Every structure is written in structure tokens, then in C-alpha cells.
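Please open the model in your viewer and keep the selection tool at hand. The stops below are meant to be taken in order.

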Amino acid sequence: MVSGRSLEAATALITWAFGAAVVVSSLDNGIGWSASGVESGTFPFIVGLVILAGSVFNLVQGWLQARAVILGPSELRRLGMLFVPAAVFVGIIPLIGIYPASAFYVFGALAWHKRRSLLLPAIAAIGAALALYLIFELTFQISLPRGALGTFFGF
């Protein structure tokens with residue numbers, strides 16, 4: 001079971017890490033004034049400080065305002081049914097490429113929820129992969145990851 005306090009703390013720590021990364025990278029770019037004006041890292045540095053301050057505020061507020069359990073076992077199961085396939089999808093992209101991975105993901109998501117004929121999920125999966133290819137590779141000429149399988153076949 002997951003409480004509201006732990007969710008608030010986790011969110012605050014994640015945004016704090018993001019803010020800290022922004023501040024550190026801004027320091028590498030330089031903050032302050034130079035002969036040509038404001039250096040390029042000044043604005044991101046200020047934004048990073050605002051993110052850090054907001055994260056600390058959210059952490060304190062979340063810790064002080066104790067809430068009941070937000071996610072029980074049934075909600076965690078439903079969340080897992082959403083998160084695990086998405087994580088597997090992202091994990092297999094380097095292996096088989098984004099086009100087959102997206103086709104498998106769309107097919108699995110539709111076949112799991114409908115639990116009827118597999119023809120419609122198969123058509124939707126092929127259509128999604130084809131749409132990705134047409135939009136990104138042909139229209140915008142942006143090469144998406146083809147994975148080890150694409151390299152093996154020479155794509």
C-alpha cells in the first residue's frame with residue numbers, strides 16, 4: 001500500500017533531482033554577466049533554483065499533511081498492468097527497434113483488453129507501425145531506433 005505522504009515525497013525528490021541537474025548544467029554554461037551581456041546559463045540557473053525551491057516546499061507540505069492510503073492492492077495491480085507493458089516496450093526498442101516494438105505493444109494492449117478476435121488488434125498494430133514509419137522516416141526524415149534486429153537485417 002502506498003500512502004499520500006510517500007507519493008508526495010517521491011515526487012518532490014524526483015523534481016528536486018531534476019532541478020539540481022538544471023542548476024549544475026547551468027553552472028557549466030556560466031552564470032552572471034560577461035562583456036556581451038548575460039551569460040547563457042543564467043536563466044536556466046534561476047529556473048533550476050525555482051524548481052529546487054518548489055520541490056522542497058512540496059516535500060515539506062507532503063510530509064506535514066499526512067494522508068490515508070492512496071494506492072491499495074487493487075490500484076497497484078491496475079497501475080502495474082499499465083506500467084509493466086510500457087516498460088517492456090521501452091526495454092525492447094534497443095533490441096528489435098521501435099517499429100516492431102510499437103506493433104507488439106499496440107497488439108498486446110488491444111488484444112488484452114478486447115479478448116475477442118485478434119484480427120482488429122493485428123490490423124491496428126500494423127497500422128501503428130506503418131504510420132510511425134511514414135510520418136517520421138518518410139515525411140520528416142527522422143530516423144527512429146531500428147535496434148539490433150534492424151542492424152542484423154541491414155537497415
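**Helix α1 and its surroundings**

The buried residues of α1 pack against β1 (2-3), α2 (42-64) and β4 (69-71). Buried means under 20% relative accessible area, exposed over 50%, and partly exposed in between (1.4 Å probe, protein chains only). Helices (H or I, at least four residues) and strands (E, at least two) are DSSP runs, numbered from the N terminus. This is a predicted model, in which local features need pLDDT of at least 70 and side-chain atom pairs count only at pLDDT 80 or more, while totals for chains, interfaces and linings use all residues. Residues are numbered from 1 along each chain as its sequence is written, and side-chain values use heavy atoms, with hydrogens and water left out.

Select α1, residues 4-29. Its 26 residues reach 38 Å from first C-alpha to last, close to the 38 Å expected at 1.5 Å a residue (1.5 Å times one less than the number of residues). Colour its buried positions, among them Gly 4, Ala 12, Val 22 and Ser 26.

Next, select Ser 26, which is buried at 1% relative accessibility. Which residues does Ser 26 contact, leaving aside neighbours within four places in sequence? They are Ile 31, Gly 41, Pro 44 and Phe 45, contact being heavy atoms within 4.5 Å. The Ser 26 side chain reaches the backbone nitrogen of Phe 45 at 3.1 Å.

Last, select Arg 146 and Glu 137, whose side chains meet in a salt bridge (2.8 Å, N to O). The term requires a side-chain nitrogen of Lys or Arg within 4 Å of a carboxyl oxygen of Asp or Glu. The structure holds one salt bridge. Arg 146 is partly exposed at 29% relative accessible area, whereas Glu 137 is buried at 14%.

Definitions and conventions: Polar contact = N/O pair within 3.5 Å; in protein donor to acceptor, adjacent residues only side chain to side chain.
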